[in-house]
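Take a walk through this protein model.

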Amino acid sequence: MKKAWMMAFLCFVCLLLAGCAASPVPNEAGEVEKLVDADASRLPGDKQTYSLYFRLGSSAYLAAEEREVTVERNETLEAALIRQLLAGPSATRTALTPLFPKGTELIAVSRQGDVLFVTFNEAFLSGYGAEKGPLSGEKKTQAIRAERQMCLDALTATLTDAGTCSRVQVLIHRVKLQGNSLRLEEDYLLQNGSGLPLETWVRREESLYTPHNAARHMLTLWMNHNFSGLMGCVSSQGKLSGQMMLEAMENSPALTGFSLGHGQVSANGLKAVIGADLFLHLNGNDWTVKGWPLTLEREGGVWKISWESLSSMMAEE
């Protein structure tokens, strides 16, 4: 009789425990607390907006795309940002161009102090646009070198913007050369086959499309009579037809030189004004315009100049 009573008691305890596991007991406020899933990969990721850098058209500058990035529970922020870079700019950001060669994959990310070590597969070493382009000789070499530098710049600018490191070291997982160093070599930048490891890459402000660099880019286009390129820098607000803008630019004075001040960005980051000294020439006459307020505005994340501001500057005498 005693044994039967003990068995019944144990069965009652087991049923009670099973019921507790299936249905959490309400707390004192009558609320049922949800248990946390132990499998981190099944938990929702953290979302936050970060700056991802891509090439601005075919220029020598990088422009940022602000994108909401989801960092999964089982990955690092650095890995999430790099994967977004490899995916390229959003379809709506038509002014931006992807930099990484097709097929490039992230293998691993690790850290040592303030240096972030990023390992890619071998596709990182080839397939850049300039390699397949029409250029040849030294011009082609320079174009490939510039494109590869920009790829490193985009990677480093994105990671340093997020505050995850101050320097980046790229490693390459070579399938057939497992015994060799993984570090990217100087040969990657076509530096005469030295075979030496490439130094850690740091943020290079001269490659970023800051207001100052944007103003420099626009004035250089004007100085080089590259009016088709300059039209691409004009904001959509108040923009004329392409033919009308082209005719106005062709009839403007020649810009023979310029110098720029440091400039100032508005509190909301959407407008910038930079003082420019312009050296102009027309019909045998030379003159200088001091401190012209070159006004820029952000459109789609890229610094542009309004047609009103540009045409006023070109008409200055």
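Helix H2 (residues 77–87) lies across S1 and S2, at about 40 degrees to S1. Angles run from 0 to 180 degrees between N-to-C directions, with axes fitted to C-alpha atoms, for helices over the stretch in contact. H4 also packs on the sheet and touches S1 and S2. The direction of H4 makes about 155 degrees with that of S1. Contact means heavy atoms within 4.5 Å. Helices (H or I, at least four residues) and strands (E, at least two) are DSSP runs, numbered from the N terminus.

This is a predicted model: local features need pLDDT of at least 70, side-chain atom pairs need 80 or more, and totals for chains, interfaces and linings use all residues. Residues are numbered from 1 along each chain as its sequence is written, and side-chain values use heavy atoms, without hydrogens or water.

Now the sheet itself. It is open, has 3 strands in the order S2-S1-S3, and pairs antiparallel. Strands S2 (62–71) and S3 (96–97) stand at the edges with a single partner each, so one side of each has no neighbour in the sheet. Pairing takes at least two DSSP bridges between two strands. S1 (residues 46–56) and S3 are joined by 2 bridges. Leu56 has Leu96 in S3 as its bridge partner.

The whole structure holds 2 cavities of 30 Å³ or more. A cavity is a set of points on a 1 Å grid over the protein atoms alone where a 1.4 Å probe fits but cannot get out; lining residues have an atom within 4 Å of a point. Volume is the space filled by probe spheres set on the points, which are joined across faces, edges and corners. The largest cavity has about 40 Å³ of space. Strand S6 (residues 167–173) gives the most to its lining, with 3 residues.

Key:
On a 1 Å grid over the protein atoms alone, a cavity is a set of points where a 1.4 Å probe fits but cannot get out, and a pocket is an open set with protein on both sides within 12 Å along at least five of seven lines; lining residues have an atom within 4 Å of a point.
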